[in-house]
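Please keep the sequence and the 3D view side by side as you read.

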Amino acid sequence: MKFSSFFYTLKQGVINIFRNKWYSLASMATISACLLMFGIFYAIVANFQYIVKTAEEGVAVTVFFDPDISDERIAEIGTLIDKRAEVSKVEYISAEQAWEGFKEEYLGEYADGFGDDNPLKDSANFEVYLNDVSMQASLVTYLESVEGVREVHKSELTANTLTNVNMLVAYVSIGIIVILLAVSIFLISNTVTIGISVRKEEINIMKYIGATDYFVRAPFVIEGMLIGLIGAAIPLGLIHILYNNVIEYISTRFSVLAGLLKFLTVETLFRTLVPVSVIVGVGIGFLGSFMTVRKHIRV
């Protein structure tokens, strides 16, 4: 495309927006509302998944060894476990560490009565942390088959609960996103249809003097993409302001839960939200206008 044609197409796309300003504003407002809901929903889901992920990182499978197992075999078992795809981290807890932790958590000053005895002398273990808690079952099956492993403790209820929550959030997210996209495309399509009807005579003249199909369609596609871009920019600004204020309010109001509720920073959130919103907004504008022009203009 020549530069003159490109700037003409861009100019006509902008003119179309102002020519049908009320319908364009309505489409921008609707896309903004849809993307605002999407952004708020994404922020909630992303933070919820982050909180769940943080909780998952605290879920460990504990591996106990056979009595009188050698240190060399324990090291071999640790190497085998560490190579598994399900495993993110392996920590060795000696019998002495296990006893010190137990005394500190449960016995306090009463621990002095045990003297130098260690009731947990056979409690050396590996604490195995997973990349994904849904992989716990397959890992436990493997660990129970390893020679030298006496017992494996797992948090089956916690793992199942976290897995089910993640699946539910994923399904709900997909459903809401599809609905928002469909509504936005429908509205863009209506706006472009009105623009085509207004310029019907002009389009016919352009065709009579030899304008190509692309030259006729391009301004409407540009119009839809600009509407989508502006419709994406507005909610991003609102979400940036709202997110910081909401996080600050929750952190101040519910300081007791500060240790449990770990939120993403707005910068981390926007690394994904900005490109996704722009792509979705421009993409909705492109698809809505392109499909409408293709349907209504006989070229």
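## Surface and burial

The protein chain has an accessible surface of about 17,700 Å², and carbon and sulfur atoms account for 63% of that area. Areas follow the Shrake-Rupley method with a 1.4 Å probe, and for residues only the protein chains shown count as cover. Of the 299 residues in the protein chain, 36% are buried (under 20% relative accessible area; exposed is over 50%, partly exposed in between; 1.4 Å probe, protein chains only).

This is a predicted model: local features need pLDDT of at least 70, side-chain atom pairs count only at pLDDT 80 or more, and totals for chains, interfaces and linings use all residues. Residues are numbered from 1 along each chain as its sequence is written, and side-chain values use heavy atoms, with hydrogens and water left out.

## Overall layout

The protein chain holds nine helices and four strands (DSSP runs numbered from the N terminus: helices are H or I with at least four residues, strands E with at least two). Read from the N terminus, the order is α-α-β-α-β-α-β-α-β-α-α-α-α.

Helix α5 spans residues 136-144, and its buried residues are Gln136, Leu139, Val140 and Leu143. Viewed down the α5 axis, these buried residues fall within an arc of 100°, so they line one face of the helix; the arc is taken from the directions from the helix axis to the C-beta atoms. On the face turned away from the buried side, α5 carries the exposed residues Ala137 and Thr141.

## Val246 in α8

Val246 sits in helix α8, residues 213-253. Val246 is partly exposed, at 42% relative accessible area.
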